[in-house]
2 protein chains.
Amino acid sequence: MCELLGMSANTPTDLCFSFTGLTRRGGETGPHKDGWGVAFYEGKGVRLFHDPEPCATSQIAEFVAKLPIKSKTAICHIRQANVGNINLSNTHPFTRELWGRCWVFAHNGQIPGFTRRTGIYEAIGDTDSEELFCDLMNHVRQNLQRDATAEQLATTLVALSKSYAEQGVFNCLLSNGDWLFTFCSTKLASITRRAPFGPACLKDVEVAVDFASETNPKDVVSIIATEPLTHDEEWDVYERGEWKLWQSGEVIAQGKEDVPVHKAEHEMVSPKNMPRDCA
Amino acid sequence: MCELLGMSANTPTDLCFSFTGLTRRGGETGPHKDGWGVAFYEGKGVRLFHDPEPCATSQIAEFVAKLPIKSKTAICHIRQANVGNINLSNTHPFTRELWGRCWVFAHNGQIPGFTRRTGIYEAIGDTDSEELFCDLMNHVRQNLQRDATAEQLATTLVALSKSYAEQGVFNCLLSNGDWLFTFCSTKLASITRRAPFGPACLKDVEVAVDFASETNPKDVVSIIATEPLTHDEEWDVYERGEWKLWQSGEVIAQGKEDVPVHKAEHEMVSPKNMPRDCA
């Protein structure tokens, strides 16, 4: 299992707390030791950090966890490789420019043998995840207008996600810096923090935070992750096929598709098939 | 003046020494305090660090200067802004994917009012530099084949660079990770270090290195920078209109174009026109 972490907020917010929890799973409390990456939007710009080292011991991850980077949208991924070697070009999140925005994508899942349809975006590395991203971007460029409404965008992204989830496991986070699209094929959870803010403790490392002292009453901050990161808060667990489009910390569109259990899912959770991919 | 720094080497090499010298010019020994960025290729992957803070005092620059990142090709830029605000999306180097490779570009110069021709690549920020990069990428995609020879590539890049340099100041570094293209409109210098390696001292900060103790006899490492970074080595100063295509530390093609002194050059060096752009 790779793990995903996303943030959508109505005010620039640092991801330090959640990032600290997630990174423990990168070779310490979890097996996702095959690299990690994070993208922080600042306006239309994006700060990217990628490292093929295990994030639990990565010098760069340790540095980033302490950086006071504030962002309204962020996407993070820790990797357990199967398809594609452990190297920088296979490390999520992946990025491409479309319509003058930087689109960022991270994937948890596996669609063995997936090949993108023809289009201008091509994979740099050799993961099925990057092929999926390029396929998605090619389809969006060919079928949506740059001024598409959130509803049109969601319709297209959901149809694509459903078609991928029918071929394998496809949990994803996708953003252009304005919105954050999330699709759950097998596993995803979210939490929205707003006033009155309270304390929270991470599951994976003994770190607690009192959000009341770090926020303003109008702040709305949502965290989306493969598994809940705290043990004393109530997370919403996505159902199979459920999707949410986030903006400024709020869900602006959501729904649920019929996504069958895929044969590959059983194969992937079988210990016989280790090392398994990002599912 | 913005400043450029590039490296081409035949073995993965760290840029720490040159990067340390360059970063002093970002608000300490030079006025380039409006952000900085660096791209290190590792195979087909790229590590990117961008920061709109002055690099002389940037926490991230201090960290990167000590990171043992080894790369055969790297591109770094420190910015003194004129066109475009000081923010992340205006911070060089810029990147785009083409033919399954990540292309990286940094520009020193100014072409006021430049607008790219039609094509799929669009600027994310609002600098003339990123417009130039997108124009160049659109032209390359439309006019070259993915298996173009170095000669074909150079012919196209030189013709484009010349056309830009006729409109303003255009010193650039461009790479796809395989080669490094460099064009001098007004100012660029290079040095190639090979056995027998000797010591070198930075101009901008009291740091010396003995390359003999850090290299193997077969290593070839070339550094390209706006101005020489050391005071005890002999740098080759590019002439106006001179270009070099580097690969594995060696020049594999070079030439010189007739580039007239542009009116904008005089305007830009005039103190009356401060703050000037990256020339």
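In helix 2 of chain A, the buried residues are I60(A), A61(A), F63(A), V64(A) and A65(A). Buried denotes under 20% relative accessible area, exposed over 50%, and partly exposed the range in between (1.4 Å probe, protein chains only). Helices (H or I, at least four residues) and strands (E, at least two) are DSSP runs, numbered from the N terminus. The model is predicted: local features need pLDDT of at least 70, side-chain atom pairs count only at pLDDT 80 or more, and totals for chains, interfaces and linings use all residues. Residues are numbered from 1 along each chain as its sequence is written, chains are lettered from A and ligands numbered from 1 in the order in which they are written, and side-chain values use heavy atoms, with hydrogens and water left out.

The buried residues of helix 2 of chain A pack against elements of both chains. In chain A these are helix 1 (16-24), strand 2 (36-42) and strand 3; in chain B they are strand 3 (45-51) and helix 2 (59-66). Contact here means heavy atoms within 4.5 Å. At the start of helix 2 of chain A, a side-chain oxygen of S58(A) comes to within 3.2 Å of the backbone nitrogen of I60(A).

The largest nonpolar core has 68 residues. Such a core is a set of buried Ala, Val, Leu, Ile, Met, Phe, Trp, Tyr and Cys residues joined through side-chain atoms within 4.5 Å. W36(A), F49(A), W36(B) and F49(B) have the most contacts inside the largest core. Neighbours within four places in sequence aside, F49(A) contacts residues of both chains, including W36(A), F40(A), I60(A), V64(A), F49(B) and I60(B). A second, separate core of 34 residues includes V46(B), I124(B), L188(B) and I224(B).

The contact between the chains takes 30 residues from chain A and 30 residues from chain B. The two chains bury about 2,500 Å² between them, 58% of it on carbon and sulfur atoms. Buried area is the accessible area (1.4 Å probe) that two parts lose on being put together, summed over both. L88(A), E97(A) and I124(A) supply 24% of the area that chain A buries against chain B, more than any other three residues.

Polar contacts also link the chains, with a count of 14 residue pairs (both at pLDDT 80 or more). A polar contact is a pair of N or O atoms within 3.5 Å; within protein, one must be able to donate a hydrogen and the other to accept it, and residues adjacent in sequence count only if both atoms are side-chain atoms. On chain A, the elements giving two or more residues to the side that touches chain B are strand 3 (45-51), helix 2 (59-66), strand 5 (94-98) and strand 6 (101-110). Strand 3 gives the most, with 7 residues. This side of chain A divides into 15 nonpolar, 5 polar and 10 charged residues. Ala, Val, Leu, Ile, Met, Phe, Trp, Tyr, Cys and Pro count as nonpolar, Asp, Glu, Lys and Arg as charged, and the others, Gly among them, as polar.

The whole structure holds 32 salt bridges over all chains. Between chain A and chain B the count is 6. A salt bridge is a side-chain nitrogen of Lys or Arg within 4 Å of a carboxyl oxygen of Asp or Glu. R47(A) pairs with D51(B) at 3.3 Å, N to O. R47(A) also forms a salt bridge with E42(A), the closest N and O atoms being 2.5 Å apart. R47(A) is buried, at 8% relative accessible area, whereas E42(A) is partly exposed, at 24%.

E97(A) forms a salt bridge with R96(B), with the closest N and O atoms 3.2 Å apart. This pair crosses from strand 5 of chain A to strand 5 (residues 94-98) of chain B. E122(A) bridges to R146(B), the closest N and O atoms being 2.5 Å apart. Here the pair runs from the loop between strand 6 and helix 3 (128-143) of chain A to the loop between helix 3 and helix 4 (150-165) of chain B. E122(A) is buried, at 12% relative accessible area; R146(B) is exposed, at 51%.

In chain B, 8 of the 9 residues of helix 1 (residues 16-24) are buried, so this helix is largely enclosed by the rest of the structure. R116(B) lies in the loop between strand 6 (101-110) and helix 3 (128-143) of chain B. Its side chain reaches the backbone oxygen of Y121(B) at 3.5 Å. D135(B), in helix 3 of chain B, counts as buried at 2% relative accessibility. Among the contacts of D135(B) beyond four places in sequence are R116(B), L160(B) and Y164(B).
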